[in-house]
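Hi everyone, thanks for making time this morning. Let me put the structure up, and then we can walk through it together.

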Amino acid sequence: VAWWRRSAVALAAVCLGCLCALSSGVQVAASTGDAVRALAREGASATVEVDVGAGRLWEATATRPAWWRASGTLRSIQARGRAWSSGAEATVMVSGDAARAWAALPLGSRVQASVRLQEPDPGEASWVVVAGHGAPTHVEAPGLPWNVVGALRAGLRAACAGLPDEARGLVPALVVGDTSGISDDLRERFVTTGLMHLTAVSGAN
């Protein structure tokens, strides 16, 4: 009986410890999310590490510079003397001469960059917009899972090449989160109707 009681007490202590750790983890995640949103609202400058997802490059015209936009996942943020780990989904945007350097990154690359954090447009699936100031510093090359995702996306784009314009861009976006073929008009319609989250597929998925 004494052994059973000691075992029950030990088990209860372990369960309580697990619950406390889980609660602490949830609180930390919520705190980090709140901090990221607050920094974005204020347009804070930051140094971030981000895993770069699928993107699209718009070439420069007579009236605007080159512009690149992609999905991404924030891994770390340093701003105003503090640092946070993160897993927040982000939209990465870069304009000017640095746009080509970002566009040339292999899918899934982890990079470090100086950025300005911004709030996403209403209807966007991301938590935060990361606006890059210049070329990124390559931190880590994509691993095998990202290479497989890249090959899958390329194959799907090729398979959809014969479809009408909107379907050609929409199918890869819905299936594997590759929004590089979505037109500006179609993207605006998705944002307006609050359906942009349907294209928010991470590389891990």
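Here's one to start us off: is T73 buried or exposed? Keep in mind that we're looking at a predicted model. With a relative accessible area of 11%, T73 is buried, because the cut-off for that is under 20%. You'll find T73 in strand β2, which covers residues 67-79. Its side chain makes a polar contact of 3.4 Å with the side chain of E89. Leaving out residues up to four places away in sequence, T73 touches E49, V50 and D51, as well as G87, A88 and E89.

Now for the largest nonpolar core. There are 29 residues in it, and the ones touching the most other members are I77, W102 and L117. At least two core residues come from each of α1, β1, β2, β4, α2, β5 and β6. The largest share belongs to β2, with five residues.

Have a look at W102 while we're here. Not counting residues up to four places away in sequence, its contacts include V50, W68, V92, V111 and P136.

Mean pLDDT for the protein is 76, with 73% of residues at 70 or more. The highest confidence is in β5, at a mean of 94, and the lowest is in α1, at 54. Over residues 8-30 the pLDDT stays under 50, and the model has zero contacts there beyond four places in sequence. Residues 201-205 are also below 50, but that stretch has seven contacts in the model beyond near neighbours in sequence.

Thanks, all!

Note on methods
Residues numbered from 1 in each chain as written. Predicted model: local features only at pLDDT ≥ 70, side-chain atom pairs only at ≥ 80, totals over all residues. Heavy atoms only, no water. Helix = DSSP H or I, 4+ residues; strand = E, 2+ residues; numbered from the N terminus. Buried < 20%, exposed > 50% of the residue type's maximum accessible area, 1.4 Å probe, protein only. Polar contact = N/O pair within 3.5 Å; in protein donor to acceptor, adjacent residues only side chain to side chain. Contact = heavy atoms within 4.5 Å. Core = buried A, V, L, I, M, F, W, Y, C linked by side-chain atoms within 4.5 Å. pLDDT = per-residue confidence, 0-100.
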